[in-house]
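Reader: I am new to reading structures. Can you take me through one, step by step?

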Amino acid sequence: MRTTAGPSSRRETPTRRSTRRSPCRAPRPCSPGDAGAPPLRDFTKDLRVAEGDNGVCSHLTLMGHSHGTYVVGAAARDGGVNADGIIALGSPGMGVDRASELSIAPKHGWVGTAKDDFIQTATGTVFGEGPQYGIFGARHIKVDTSGHGGYRDRGPGGASETLLHQRRIIAGRPPTLAPTVAH
């Protein structure tokens, strides 16, 4: 430890980062998204409890956009979310470096990023590895919309291909896959 003195106080600060596991993914700093993880886990658990023991489970897919993908990732990372699939759209990172850390089968982790989405410049920061890169290990859906906010946009003839892919995944059906992006 080293001691630092300010104008009104003295404090000790560690000289290296802690590796203790906390709601934050140490040694990364905390993100406000970490606070949303426990309520999301509780919500998905309650959904499964509400289904009862009738032997029939619905297909539950969690979908996050932008910073919401970090909340979904943090919830899945720290205990699971009782989900069958996860969709991350326009993600800066999910708080994990690999899809295998999301407590679901990586083949049920889906990622979509528009070619002109600025969020690609924020990956690899406090949010973790960008899920749109091949090293992450998620499956990539084809995105035909543009910009950071276009993932739910409709196309000229109705639903965009991006929106149709989201619907397919939510229904438990496969979407059209896109090539993996190299890092």
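Author: Start with one term. Contact means heavy atoms within 4.5 Å. Keep in mind that this is a predicted model. Now take T113, which sits in the loop between β5 and β6. Leave aside its neighbours within four places in sequence, and T113 is in contact with Q120, Q132, V143 and Y151.

Reader: Is T113 buried or exposed?

Author: Buried means under 20% relative accessible area. T113 has 19% relative accessibility, so it counts as buried.

Reader: Let me step back. Which elements does the protein chain have?

Author: The protein chain has three helices and eight strands. From the N terminus on, they run β-β-α-β-α-β-β-β-β-β-α. Of its 183 residues, 42% count as buried.

Reader: What share of contacts join residues at least 24 apart?

Author: Take contacts in the protein chain between residues at least 6 apart in sequence: 61% of them join residues at least 24 apart.

Reader: Now the sheet. In what order do its strands lie?

Author: This is an open sheet of four strands, in the order β3-β4-β5-β6, with parallel pairing. β3 and β6 stand at the edges, each with a single partner strand, so one side of each has no neighbour in the sheet.

Reader: How many bridges join each pair of strands?

Author: Go through the sheet in order. β3 and β4 pair over five bridges, in the parallel sense. There, T61 has G85 of β4 as its bridge partner. Next, four bridges join β4 to β5, and these two also run parallel. L89 stands opposite G112 in β5. Last, β5 and β6 pair over two bridges, again in the parallel sense. W110 has R139 of β6 as its bridge partner.

Reader: A strand has two faces. Which residues of β4 point which way?

Author: G85, I87 and L89 point one way, and I86 and A88 point the other way. All are buried. That is five of the five residues of β4, so the strand is mostly covered.

Reader: What about the faces of β5?

Author: Both are covered. G109 and V111 lie on one side, W110 and G112 on the other, and all are buried.

Reader: How far apart are L89 and G150, in sequence and in space?

Author: They are 61 residues apart in sequence. In space they are 9.9 Å apart, C-alpha to C-alpha.

Reader: Now helices. What describes two packed helices?

Author: Two numbers: the angle between their axes and the distance between the axes. Here, helix α1 (residues 33-51) and helix α2 (residues 67-77) pack at an angle of about 60°. Their axes are 8 Å apart. That makes α1 oblique to α2. The crossing is right-handed.

Reader: Which residues make the contact?

Author: From α1, they are G33, D34, G36, A37, L40 and R41. From α2, they are H67, Y70, V71, V72, A74, A75 and R77. By class, the contact has seven nonpolar, three polar and three charged residues.

Reader: How many residues of α2 are buried?

Author: Nine of its eleven, so α2 is largely enclosed by the rest of the structure. The buried ones are T69, Y70, V71, V72, G73, A74, A75, A76 and R77. They pack against α1, β3 and β4.

Reader: Where does α2 lie on the sheet?

Author: α2 lies across β3 and β4, running at about 140° to β3.

Reader: What follows α2?

Author: G79 follows, with a positive phi, near 135°.

How values were computed
Residues numbered from 1 in each chain as written. Predicted model: local features only at pLDDT ≥ 70, side-chain atom pairs only at ≥ 80, totals over all residues. Heavy atoms only, no water. Axes fitted to C-alpha atoms, helices over the stretch in contact; angles between N-to-C directions. Parallel < 35°, antiparallel > 145°, perpendicular 65-115°, else oblique. Left-handed = near helix turned anticlockwise from the far one by under 90°. Nonpolar A, V, L, I, M, F, W, Y, C, P; charged D, E, K, R; others polar. Buried < 20%, exposed > 50% of the residue type's maximum accessible area, 1.4 Å probe, protein only. Pairing = 2+ DSSP bridges.
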